[in-house]
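Open the model in your viewer and keep the selection tool ready. We will go stop by stop.

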Amino acid sequence: AIEYLIRRYSIHIYNSEAIILSFIPYHDTLTFARVLHILTLPTNKVWHFLLKAKKNSALVPRKLLVQSTAKNFALLEFILGHITSLSVEKLHKTLLSFCVAYTTDFLSEVSSSTKLNESVVRLILPYIDTALKPESPRQLRLAFFMITAHLCNLCTLTQSVLDGFIFAFANLLKNVNDNENEMNEIIRILGLVVFSQREIIQEFSSISMKSIMKVSPEQLSNSLSQIPFLINGETKHSLTDSRPDIKFIFLFKTLSLCDI
C-alpha cells in the first residue's frame, strides 16, 4: 500500500513528517531505515538529527532519539502530540510501548543531566492531561499512567501540579462505571504518584477530595495493599497494613498517622 501511495501521490515528498511519525516506533529496524532513506525530510530542524541515518540507510538507536530530544524539545511535542491525537483503533501496542519507553527514557536523560526543570514539566503536562481524560482510550491512559508515575518519581512537583494530578485521577474514578480492574489501576497509580513526592502534602482541592471520597474504604484498602513503599529506608509491604481503616492514608506523606 505504501509503495502505491509513494508512486501515485509522492507522499515521501509531501507527507514525509506524517510518515516519520507513523514509522518512528520502528526506529531501530531496517524497515524504518529503508523508509527514511527515500524521504525528503521536512525543512524544520526537528528532524535534522536523522540526516546522517538517512544518508547511510542506518538504524536509529533509542539513545540517539532520546539525546536529540534532550537538545530539541520540539521533537517530544511532535511525537506526543501525534500519539495523543490518535483514535482508539490507531493506538496499537507497538506505538504505545514506544511512547512509554521513549518518554521515560527522555525524562531519565534530562534528569541525569539536571535539565529536568519546570520547563520540561510544563512541556509534558498538557499531553498527560489529554491522556488522563475520561474520554481518552483506556490503552492511552494506561501508557500515560506509567509516564506520570515516572515523572513524579524523578522530581518534586509544585502543590498546584500535584493537586491537578489528584483531580485528574479522581475524575477518572468517577467515570470508570464500577469497573473494579480500572479502579484498582487508577488508585494504585494515584498512590504511587502521591508517595513518590519528597515533600509532605498539605492540602488538595475540595473537588478532588469529594471525588475520591466516593471510593469505598474496602476498594481503596484492597488496591493500595498491593503497593510496596519505602519508608525510612525500609521496605514496607503496604502503608495500609498498620491502619487499614484510614480511608485516605495515601493522601498524607507522613510517618505519624496519629494526627489524621
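Areas come from the Shrake-Rupley method with a 1.4 Å probe, and for residues only the protein chains shown count as cover.

This is a predicted model: local features need pLDDT of at least 70, side-chain atom pairs count only at pLDDT 80 or more, and totals for chains, interfaces and linings use all residues. Residues are numbered from 1 along each chain as its sequence is written, and side-chain values use heavy atoms, without hydrogens and water.

Select Tyr4, Leu5 and Tyr9. They make a nonpolar surface patch of about 310 Å². Tyr9 lies in helix H1 (helices are DSSP runs of H or I, at least four residues, numbered from the N terminus). Tyr9 is partly exposed, because its relative accessibility is 46% (buried is under 20%, exposed over 50%, partly exposed in between).

Next, helix H3, residues 16–23. Ser16, Ile19, Ile20, Leu21 and Phe23 are buried here. They pack against helices H1, H2, H4 and H7 (contact means heavy atoms within 4.5 Å).

Move to Thr69 in helix H6. Is Thr69 buried or exposed? Thr69 is buried, because its relative accessible area is 0%. Beyond four places in sequence, Thr69 touches Leu75, Leu76, Tyr102 and Phe106. The C-alpha atoms of Thr69 and Phe106 are 7.1 Å apart.

Finish at Phe169. Among its contacts beyond four places in sequence are Leu132, Phe145 and Ile186.

Methods
Buried < 20%, exposed > 50% of the residue type's maximum accessible area, 1.4 Å probe, protein only. Helix = DSSP H or I, 4+ residues; strand = E, 2+ residues; numbered from the N terminus. Patch = residues over 30% accessible without salt bridge, like charges linked within 9 Å, V, L, I, M, F, W, Y side chains within 5 Å. Salt bridge = Lys/Arg side-chain N within 4 Å of Asp/Glu carboxyl O.
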